Amino acid sequence: MSAKRTIISGGLVISMDPELGDITGGAVLIENDRIVQVARSADELAGVDAERIDATDGYVLPGMIDSHRHTWMALLRGISGDQALLEFIANTFYTTGAIMRAEDMGVATLVGSLEALDAGVTSIFDCSDCVNSPDHADANVEGLRAAGLRSVYAYGMQRYDFQPPAFHSHAERLADAARLRAEYFSGDDDMYQMGMLYSDFGTIPFNDTAAEVRHARELAVHGASHTGAAAGSSLLRGLRELNDHKLLLPGHLHVHCNGLDEQEWKLLGDSGAHVVTSPETELQMGMGLLPIRQALRHGIAPGVGTDSIICGSGDLFGQMRLGLQHQRAMDALPVHAEGRSPLQVDLKIRDALTWATTNGARIMGLESKIGSLTPGKLADVIVVKPRWNVVRSSHPTATVVLQSTAADVDTVLVNGEVRKRDGRLVGHDLAALRARANAALDNIERAVAARHRFGPDELAEFVGQAERGAGVNYAQAYEHLTAR
């Protein structure tokens, strides 16, 4: 079979490869699923027989990587726009999770995945903490694959009051994760990997948490957790306990981390952990300040994620922008405290773009295969064409990070396949999908309306009980000491 070739030319190439750098008027040659050449001029490729994609007045970049996303919530647009974290958990997370059907999961995953593609995201770490049954897990995986983007599917161990229950024990959930690994992820596939999203630390007995971490290690899948997301709370902690049991493993993806203390940060840095921040969610929901500087100080290259569209924009441009400017403001505070003004900013535009490209690739274990426009890497490529192009940019990378949205993404290729062309997704009947999505949302809203909602006093009691339970669960890590 003859090779399929594509040439993207006419724009400014922002390669994210330290040797190639940025190339004005450069061109990218793709053959099948690989980048084979990044040329300094389109003239170098003039005689190549290939499909041509015109990036004139645009920027050619590696596909962005969303290191933390919940596609199962993609039907609930804006539902938590006025909620703090603990209110969201009590009145939205547990309530919706308890009534989510497998067919709802399938359409939500497809909607969320296509929204990511539309925004120039070619890879996602999909945290599916709503696996109410084996059918839910299957629907989530099949939705990701139908969308055509690169993914890590993180099988969630979270439990809800789903009726009738499909799992009757923690062991059954672990067994189903192994079943999914064998059925969908048995090979070494760069497009589709598996992970495990652990139960929120402190919400279940420590022995069950330990079993989850060991199981992920045995299955050789990514491990992930929501860690330290509630500043001032004992919930979602347990890092010392895991470390004491040698279960704080390299490559563990810790999401949020806003409430961690210095000792906990040292544990993450020493363990070879990954950290990802979701700025819009964390700042709105009162999780605490963004953890970017702490991660960098402890030698951790942070990633960035959208979390979910329940209260955020759903594209990584907004997350990079907010994360960068928030951290710059925090960096300036010590200078202001001395009665001075900063003379420069330390964190640069390209640092933010790194979070969504090369750092994300490292988190997915694919740093040698995606994250930059390097010859030999997989062809995950996007073209950003600013809608306001009356005058050229004086700082193209700043225009991408600070002034772009999903609407500026003109072209998206994943593994060499065009998924968005001329500003429109290809290969999907969006009108039919819209009908399916709204019908599923109708069912979800009817079911949620019939469930109890916590008022302020009940919410305080709910949180208090959860924190007392967390103390008991963490203590189980040391039962072997008290039994002597």
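Colleague: Let's start with Val 390. Where is Val 390 found?

Modeller: In this predicted model, Val 390 is found in the loop between strand 16 (381–384) and helix 13 (396–403).

Colleague: Why is Val 390 called exposed?

Modeller: Exposed means over 50% relative accessible area. Val 390 has 62% relative accessibility, so Val 390 counts as exposed. Together with Trp 388 and Val 391, Val 390 makes a nonpolar surface patch of about 400 Å².

Colleague: Now a leucine. Is Leu 235 buried or exposed, and how do you know?

Modeller: The cut-off for buried is under 20% relative accessible area. Leu 235 has 9% relative accessibility, and therefore Leu 235 counts as buried. Leu 235 is found in the loop between strand 12 (222–227) and helix 6 (239–244).

Colleague: What is Leu 235 in contact with, leaving aside its neighbours within four places in sequence?

Modeller: The contacts are Phe 201, Ala 466, Glu 467, Ala 470 and Tyr 474. The C-alpha atom of Leu 235 is also separated by 9.3 Å from that of Arg 468, a residue 233 positions apart from Leu 235 along the chain.

Colleague: On to the nonpolar cores. Which residues touch the most other members of the largest one?

Modeller: In that core of 111 residues, they are Leu 75, Tyr 153, Tyr 155, Leu 180, Leu 268 and Met 320. Helix 2 (residues 102–118) gives the most to this core, with eight residues. There is also a second, separate core of 17 residues, which includes Ile 8, Ile 53, Val 60 and Val 418.

Colleague: Which residues is Leu 180 in contact with, beyond its neighbours within four places in sequence?

Modeller: Among them are Tyr 153 and Tyr 155, and the list also includes Ala 137, Val 141, Phe 185 and Met 194.

Colleague: Let's turn to charges. What makes Asp 190 and Lys 369 a salt bridge?

Modeller: The cut-off is a side-chain nitrogen of Lys or Arg within 4 Å of a carboxyl oxygen of Asp or Glu. For Asp 190 and Lys 369 the N to O value is 2.9 Å, so the pair meets that definition. This pair links distant parts of the chain, 179 residues apart. Asp 190 is in the loop between helix 4 (170–184) and strand 11 (192–197), while Lys 369 is in the loop between helix 12 (358–363) and strand 16.

Colleague: Why is Asp 190 called buried, and why is Lys 369 called partly exposed?

Modeller: Buried means under 20%, exposed over 50%, and partly exposed is in between. Asp 190 has 17% relative accessibility, so Asp 190 counts as buried. Lys 369 has a relative accessible area of 26%, and therefore Lys 369 is partly exposed.

Colleague: How do you know that Asp 331 and Arg 293 form a salt bridge?

Modeller: Their closest N and O atoms are 2.5 Å apart, and the limit is within 4 Å, so they qualify. Asp 331 is in helix 10 (residues 316–337) and Arg 293 in helix 9 (residues 292–297), 38 residues apart. Asp 331 has 25% relative accessibility and Arg 293 has 22%, so both count as partly exposed.

Colleague: What about Glu 338 and Arg 340: why is Glu 338 exposed and Arg 340 partly exposed?

Modeller: Glu 338 has a relative accessible area of 56%, so Glu 338 is exposed. Arg 340, at 44% relative accessibility, counts as partly exposed. The two form a salt bridge, with the closest N and O atoms 2.6 Å apart.

Colleague: How many salt bridges does the structure hold?

Modeller: The structure holds 26 salt bridges.

Technical notes: Residues numbered from 1 in each chain as written. Predicted model: local features only at pLDDT ≥ 70, side-chain atom pairs only at ≥ 80, totals over all residues. Heavy atoms only, no water. Patch = residues over 30% accessible without salt bridge, like charges linked within 9 Å, V, L, I, M, F, W, Y side chains within 5 Å. Areas by Shrake-Rupley, 256 points an atom, 1.4 Å probe, with all protein chains shown as cover. Helix = DSSP H or I, 4+ residues; strand = E, 2+ residues; numbered from the N terminus. Buried < 20%, exposed > 50% of the residue type's maximum accessible area, 1.4 Å probe, protein only. Contact = heavy atoms within 4.5 Å. Core = buried A, V, L, I, M, F, W, Y, C linked by side-chain atoms within 4.5 Å.
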